[in-house]
Every structure is written in C-alpha cells, then in structure tokens.
Amino acid sequence: MFPNVDWQIMMEQTWETLYMTLVAGVATFLIGLALGLVLYITNESLLLKNRPIYVFVSAIVNVFRSIPFIILIILLIPFTLFLLDTMLGSTAALPALIIGAAPFYARMVELALREVDRGVIEAAESMGATKWQIIYKVLIPEALPALVSGITVTIVAIVGYTAMAGVVGGGGLGNLAYLEGFQRSQNDVTFVATVLILLIVFVIQFIGDRLVTKIDKRSA
C-alpha cells in the first residue's frame with residue numbers, strides 16, 4: 001500500500017519527534033511559567049510591581065514571540081553551534097524549539113494569572129499570607145486549568161515547529177517528509193509522516209483536555 005515507506009525509519013523518526021516534543025515541552029513549561037509569573041507579579045500592585053522589570057521582560061518576550069520560527073532557527077544557528085557543536089539532528093533543534101515556544105507560553109501564563117479574581121488575592125493577603133505564599137498557594141492553583149490548557153496548545157505548536165525544524169536538518173518526521181517524501185517525490189512517505197504527526201497532535205490534545213476537565217473545579 002505504501003511501497004516507498006521504510007517503517008523502521010518511520011518509527012525512528014516518530015520517536016525523534018516525540019523526543020523533541022517532550023524535552024522542548026517540559027523546558028517550555030518551566031521557562032514559560034517563570035517568565036509569565038515575572039510578567040504578572042511585576043505588573044500587579046498587590047504583589048511586587050516593578051515597571052522597569054516588566055517592560056524589559058515584556059520586550060524580550062515580544063521580540064522572540066514575533067520572529068517566525070523558520071527564521072528563528074536560522075538566526076540561532078551560531079548559538080546552536082556554540083552550544084552543541086552541530087546544527088543537525090533532533091537535539092540541535094531543541095534550543096530553537098524552546099526559545100520559540102517559551103515566550104508564547106509566557107504570555108498565556110500571564111493571561112491565565114490575570115483571570116484570577118483579585119478578591120481571592122486580597123483575601124489571602126488579609127489573612128497574613130506572604131507574597132510568595134499568594135503566588136504558589138493561591139495564584140497558581142486558581143489558574144491551573146488555564147495553565148494546563150495553555151501548555152497543551154503550546155505543545156501542539158511545538159509539534160508543528162519540529163516539522164519545520166526538520167526542513168533544515170532538525171530530524172524527526174518533518175525531516176523525513178521533506179527529504180524522503182518531497183525531494184524524492186515519494187508522496188506516500190509524506191502522507192504517512194503527516195498522518196503520524198496528526199496522531200501525535202490528537203493524543204496531546206486529548207490528554208490536555210482530560211487533565212483540564214479533571215482539575216477544573218467549575219466542571220465538577
């Protein structure tokens with residue numbers, strides 16, 4: 001049915017895509033959460049408002065969030081070479097994946113935290129909670145459904161980024177679809193790689209939706 005498909009190579013490239021998505025997803029969650037918290041607390045009068053820090057971090061986030069991913073990969077080639085001594089393979093794609101996705105998630109974190117009722121923060125403060133207790137005992141738990149929903153959307157975007165990274169030697173299904181499928185006019189290879197990418201996206205979205213439903217108090 002698919003005469004040009006080498007299933008062993010297809011599975012190897014699928015695992016490479018999953019590896020890039022998992023590592024970049026975890027790093028994006030941690031970095032994006034930290035940046036989003038900084039954006040929120042430095043712009044919130046009830047916490048640690050600091051306009052200069054907010055403007056500086058916000059500018060960095062906006063710059064990297066605005067650069068098209070394929071251009072970002074090219075811009076980061078010197079940095080990737082310095083860091084990993086290569087620009088080829090799935091590991092070499094990680095810096096661009098993380099730097100491209102973390103600012104995107106940071107904005108989603110900031111928006112999620114803004115949705116938390118200020119009255120909840122004021123109530124916690126009136127009961128003697130410190131600012132750090134408010135952050136990790138009030139803000140994050142209250143915003144958790146939106147945070148999980150945001151990282152789900154971001155990881156789905158990362159899967160798409162891995163496909164683009166494959167075009168410039170990043171490995172994974174995108175690389176296979178481009179080199180073996182497009183350049184050699186083997187449409188069945190491109191088709192199977194595309195279906196596998198879609199399956200990965202559907203599974204990620206399903207897991208994310210289930211987690212949000214489970215932790216969202218409003219759906220209980």
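The model is a predicted one, so local features need pLDDT of at least 70 and side-chain atom pairs count only at pLDDT 80 or more, while totals for chains, interfaces and linings use all residues. Residues are numbered from 1 along each chain as its sequence is written, and side-chain values use heavy atoms, with hydrogens and water left out.

The second largest pocket holds about 240 Å³ of space. A pocket is an open set of points on a 1 Å grid over the protein atoms alone, where a 1.4 Å probe fits and protein lies on both sides within 12 Å along at least five of seven lines; lining residues have an atom within 4 Å of a point. Of the 14 lining residues, L18, T21, L22, I155 and I204 are the closest to the centre. Two or more residues each come from α1, α7 (131–167) and α9 (187–215), and α1 gives the largest share, 8 residues. Helices here are DSSP runs (H or I, at least four residues), numbered from the N terminus.

The UniProt record, an unreviewed entry, annotates residues 20–41, 53–81, 87–106, 143–169 and 189–208 as "transmembrane region"; such annotations may be inferred rather than shown by experiment. Over residues 53–81 the chain is 90% helix and 0% strand, with 31 Å between the end C-alpha atoms. For residues 189–208 the figures are 100% helix, 0% strand and 29 Å.

Next come the aromatic pairs, of which the structure holds 3 (ring centres of Phe, Tyr or Trp, its six-membered ring, within 6.5 Å; planes under 30 degrees apart are stacked, over 60 edge-to-face, the rest tilted). One of them joins F29 and Y105, whose ring centres sit 6.0 Å apart with planes at 35 degrees, so this pair is tilted. Because F29 belongs to helix α1 (residues 7–41) and Y105 to helix α5 (residues 90–114), the contact ties together parts 76 residues apart in sequence. Y105 is buried at 0% relative accessible area, whereas F29 is partly exposed at 31% (buried is under 20%, exposed over 50%, partly exposed in between, with a 1.4 Å probe and protein chains only). Y178 and F182 form a stacked pair, with centres 5.8 Å apart and planes at 15 degrees. These two are 4 residues apart in helix α8 (residues 172–182), about one helical turn. Y178 is partly exposed at 26%, and F182 is exposed at 59%.

As for charges, the count is 4 salt bridges (a side-chain nitrogen of Lys or Arg within 4 Å of a carboxyl oxygen of Asp or Glu). In helix α5, R107 and E110 are 3 residues apart and meet at 2.6 Å, N to O. R114 also bridges to E110, at 2.8 Å. E110 is buried at 2%, while R114 is partly exposed at 44%. Elsewhere, E180 and R184 meet at 3.1 Å, with E180 partly exposed at 25% and R184 exposed at 55%. Shared partners join R107, E110 and R114 into one network.

D85, between α4 (77–84) and α5, has a positive phi near 65 degrees without being a glycine, and is exposed at 69%. S185, between α8 and α9, likewise has a positive phi, about 55 degrees, and is exposed at 60%.

Notes
Points joined across faces, edges and corners; volume = space filled by probe spheres on them.
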